[in-house]
Amino acid sequence: MKKNNGFREPLTDTQLLMTITICIFIAMYGLAMIFLQGGFLHVQQVFDLLNDNASLIIVSCGLTIVMIGGGIDISVGAVTSLTVMSCVLYLNNGGSIFGSILLALGIGLAFGIIQGALISYLEIQPFIVTLAGMFFARGFTTILSVNPQKVDHEAFNKLRETKIEIDWLGYTAKNGTRIPGRMELGVIVALVIVVLVFILLQYFKPGREFYAIGGNQTSALMLGINVKRTRFLSYVICGLLSGISGYVFMMHTGAGNATNAAGMEMNAIASSIIGGTLLTGGVGNVAGTFFGTMTLTTIKKIVVASGLNDPWWQSITTGGMLCFFILLQSVVLSRREKKKKAS
Amino acid sequence: MKDNTKKSFDIKSIFRGGLGQLTIPIIAIALLVIFNLIRDPSFFSIGFSSNNEGNTVLEGNLISIINSASELAVLAIGMTLVTAACGGQDISVGAAAAIAGSAFVKVLKSGSEIGAGTVIAAFVLACVVAMIFGAFNGTLVAVFKIQPMIATLILYTCGRSIAYWINGGATPTVSSPIITAIGSFIPGIPVPTPVIIVIVMIVLFKLLFRFTSLELLTQSVGINGSAARLNGINTTFIKLLSFIFLGICVAVAGCIGVSRLGLINHETLLLDIEMDAILAVAIGGNNLGGGRFKISGSILGAYIIQMLTITLYAMKVPSTDVKAYKAIVIVILVVIGSPVVKQKFNRFMTQLQMKKNQTAVKEGGKA
Amino acid sequence: MQEDCLLKLRGIEKRFPGVRALHNVDFTLRKGEIHALMGENGAGKSTLIKLLTGVYSKDDGTIYVEGKEAHIHSPQDAQNNGISTVYQEITLCPNLTVAENIFIGRESNMVVKRKDYEKRTAEILSNLQIPARPRQQLGNCSLAVQQMVAIARAVDMQCKVLILDEPTSSLDDKEVNMLFKLMRDLKARGVGIIFVTHFLEQVYEVCDRITVLRNGELVGEYLTEDLPQVQLVSKMIGKELDELNTLSEKDDIVKEKGEVFYEAKGLSSSNALPFDFTIHKGEVNGFTGLLGSGRSESVRAIFGADKVNGGTVKIKGKQVQIDRPIQAMKNGIGYLSEDRKGDGIIAELSVRENIILALQVMNGFFKPISRSESEAFADEYIKALSIKTASRETPVGSLSGGNQQKVILARWLLTHPDYLILDEPTRGIDVGTKLEIQKLVLKLAEDGVSVTFISSEIEEMLRTCSRLIVMRDRHIVGELKGSELNQAQVMRTIAGGETKNEG
């Protein structure tokens, strides 16, 4: 063995996949700035992406945790939707903002706890449990109200309208008026959650244990980790984040609709994958997931900005990009495997 | 007293897996039947009536359950194979069915008249298209070793858009007696045609298992791929094959769906059916992680799902709310079927048995 | 005497459905001793160890740790009682770093002190001379290093009782010696070590005491110097060793060379360097060398198990192409792989299905073996190889290791191969079954089947093979036959003292 003076440790699988994603995102955004110009030259474009997708980012963080632990949760979109509808109705029936926040957290937690318990302690396949969770949340949303409901609550609407304006990140419009950079409160929530989850995963015991149970469940048990409790915790956090995501979604749209957040679970899974999370578990990072979400949403913007307005272009490009990232991961990891064998 | 013990014994043997893998689906069907009998015995009445074309046809809730579950049952067959071989599920079947359906309609609309030849050509093309997309998914899974759910997420994302492109953004309709016959009834036969198609598919797959070693090979690949390879099995081929078979099932389901409505709507055709198909496989007692499988379980699973839905409709539950109730029943079923619960139940029954024996001994002593 | 006892088990009982795995077993481990736990497969060693580590719970009996009764229901309980285990299969997480693998699951702190862990890990690794770096991803280390990391973890946990469950089966001699040095170090520090292994020589090298189990019952506890090797074996299998002796007399029989069955020139694969190899009809030859010398990789290349890169292959003088297992099988070659669990059994399928699998594949996709036919095949081989199974429909995964191996042997015998490659067929198998397999190999050779036999135990190879091919550093460095077939000569060739090359 050579001396490791000044030796740089090779990247772990997690770091490698995340680095690839971040590089591709930067390259893609750079190319858009050069060739498409327009909105891409303004910081506001990034803010808009964040404003529109704050709740997706939150949900993706939760899903990343579950996927690192080797599980899957496809109920996140439906829970988001149920949270929106419940909170809207609660607010419209004279509820307080504080109460509505508690309600959102409560719904998320309830789903997380029930699904987590069924998966961890009764050892039922996560796909089926969360599929049932998804059906239940979607069905219950329509039981609450089939028709779209708009929030009619003065204090909440005031809160909703509150935007953080950052003047120096703004731009001057053609007619000379200065437009500051505008960010919604939900974005702050999303960014804080990304940071918190990042810290949890990297520097806290439960975070590392998620990686351990995803890497090898039997080993994790032998290493003295309470596998069931750890897995349970991953679903509880994911459920809780779905609840928060629902609240952020409501702050963005200000209305509840049975079709809210339709297909969000698949977008969140796609974000996690693009961000370098493996469905097999044990590999992934929430910073990657953040960039995964941004990549996914930026490509949609680019498609529209390129003048391909037909709605089907967006989903075809998304599919194509997913295909690219999935193949890339597969190739990168299998080459690594080969190198390891050879050495 | 005596009867009591006997009864508990029977339940125990069922829970121990006296019926093997089919225990849970059979219990589920029994529960649904009993529930409906108590609620409204007329639920099960079957009668004859004449339809718009003047044919005498079977009618009743049971018939509509079996009829409307046809697409799901066909997809469940293919999904079982993919699950067994690859240890994962294809979530793109709904989107792929929309593509196959669009190809089907495209050919039907190409000529001026829709004859039997056109329909066959259209069906063959739909099959080929669906098999190509199946092969695409299969290649990602078998060659690039990507988990099925991730691999098929691609087609799930963009499949319906491809269908939209084939249809040119419209929802073309087809009207022809042949298509109507496929979608509802063949004149003179009182059984709905989709049901006949399902039976044909089941027979075809039974023959496939009878005359090839597909079953053993698929299970081997699903349980231990590395060992299967060293025993000379081409694991890549078996996995690919499972996706191609699923492709055929997708095409059949898509064509039934189109024929039923007489139009192709790329957005709503077999919407969300992938989830139900996976559910059918799971309710059928198959391990979603791959390996041993029973097609009959999955088909039963499909009918259970549909029976549940129709029961809820009969109870005047709005169609949008059905999902919530369905979820509750699913949870109950999987909880009963979970290994942990089974174990606890068995332990409980053994203890009960021991107590009973003890009291019996005591009573005997007294006597 | 009493205070010296670290661990005392009394009257241990464990039942599984239909089987009594342990009956009234006592076991005592004293401070600072290395205690071998011996027995055939199915004798109850693994069950006993799993009871101590909290994987199973006992049905009856008492466990005392340092004189106090201990209740062990989970791996954590075992850890809290100072009992650490290193298993044959690596039980660490490949996706985490070496440092994390040493510390995860042990700290009650919520915050992970990475820097601190890495510093301490660096110290531990250099103390134990383990060639790994703290921040290295564990999955990128070799299996042997992973094993050492697992031991490092146990050592750092200040364990009082260290259980080593076949830790040496994936290590080469140098690494085994390192491990033994480590074990003696720990012994000097007062740690009690329970050592489970199938290598008898290793027992006599390091152990102070031996406890023998047979059929779930205690045979006895002995001081190592009081129990000669022959007696130990007879206590383990419960009969005298006449059979062993008759087998070893075989040395003198020199097989007459039949026609050449298989001939490879410059054969190479993605894992094996080019080599030449010939085997005659009815010959038993062996590949030997240290682990990683390329012996397994070479036979895999013969079977087409890895990607074949070049070389010509002739079977019975006719040139054939073999780059996939199925082609090898069609040419009459069978291969029993080194990794029984990973590459051999299909655990959830029944004994019957496992037995017919290879034949079915050879018959082809469109000619399934009928149910009645397959039942007849299964019954025939269950009887012929005396496979112990509840029925032919029992999932093969629930059989003991030795019986699983027999099922795989049956699978290949059913294809009636002309040439059978057996890579470590006796690893992790009890002495009785080992003997049966050795006898079977010789019988096959008598019937005209060529056999390549690989084993880590040179003695076993010397007993069965009439020709040994010695490998070092992925090259063939010698070929021994006749009078050269003795332990000293083999050792010298492996070590490279005097290289001999015979065409």
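Is Thr121(C) buried or exposed? I looked this up first in the predicted model. Thr121(C) counts as buried, at 0% relative accessibility. Its place is in helix H4 of chain C, residues 114-127.

**Entry: a helix pair in chain B**

I turned to helices H5 (residues 93-110) and H7 (residues 148-166) of chain B. Their axes come within 7 Å and cross at roughly 15°. That makes H5(B) roughly parallel to H7(B), because angles under 35 degrees count as such. The crossing of H5(B) past H7(B) is left-handed.

Next I noted who meets whom. From H5(B) come Gly94(B), Ala95(B), Ala96(B), Ala98(B), Ile99(B), Ser102(B), Ala103(B) and Lys106(B). From H7(B) come Leu155(B), Tyr156(B), Gly159(B), Arg160(B), Ile162(B), Ala163(B) and Ile166(B). I sorted this contact by class: ten residues are nonpolar, three are polar and two are charged.

In an α-helix, residues three or four places apart point the same way, because there are 3.6 residues a turn.

**Entry: helix H13 of chain B**

How many of the eleven residues of H13(B) are buried? I found eleven of the eleven, so this helix (residues 273-283) is largely enclosed by the rest of the structure. The buried residues include Glu274(B) and Asp276(B). Ile273(B), Met275(B) and Leu279(B) are also among them. Just after H13(B), I noted a positive phi of about 85° at Gly285(B).

**Entry: cysteines**

Cys323(A) is buried, with a relative accessible area of 14%. I also looked up Cys465(C), which is buried with a relative accessible area of 1%.

Leu144(A) sits in helix H5 of chain A, residues 126-144. I read 34% relative accessibility for Leu144(A), so it counts as partly exposed. Which residues does Leu144(A) contact, leaving aside neighbours within four places in sequence? They are Leu82(A), Met85(A), Ser86(A) and Leu89(A). Leu82(A) is 62 residues from Leu144(A) in sequence, and their C-alpha atoms are 8.8 Å apart.

Leu62(B) belongs to helix H3 of chain B, residues 61-68. At 25% relative accessibility, Leu62(B) counts as partly exposed. I set aside neighbours within four places in sequence and found Leu62(B) in contact with Phe43(B), Phe44(B) and Ile46(B). I also checked Ile38(B), 24 residues from Leu62(B) along the chain. The C-alpha atoms of the two are separated by 16 Å.

Most residues other than glycine have a negative phi. I looked up two with a positive value.

Ser386(C) has a phi near 40°. Where is Ser386(C) found? I located it in the loop between helix H14 (371-384) and helix H15 (401-414) of chain C. Ser386(C) counts as partly exposed, at 39% relative accessibility.

His416(C) has a phi near 45°. I placed His416(C) in the loop between H15 and strand S17 (419-423) of chain C. His416(C) is exposed, with a relative accessible area of 59%.

Key
Residues numbered from 1 in each chain as written. Chains lettered and ligands numbered in written order. Predicted model: local features only at pLDDT ≥ 70, side-chain atom pairs only at ≥ 80, totals over all residues. Heavy atoms only, no water. Axes fitted to C-alpha atoms, helices over the stretch in contact; angles between N-to-C directions. Helix = DSSP H or I, 4+ residues; strand = E, 2+ residues; numbered from the N terminus. Parallel < 35°, antiparallel > 145°, perpendicular 65-115°, else oblique. Left-handed = near helix turned anticlockwise from the far one by under 90°. Contact = heavy atoms within 4.5 Å. Nonpolar A, V, L, I, M, F, W, Y, C, P; charged D, E, K, R; others polar. Buried < 20%, exposed > 50% of the residue type's maximum accessible area, 1.4 Å probe, protein only.
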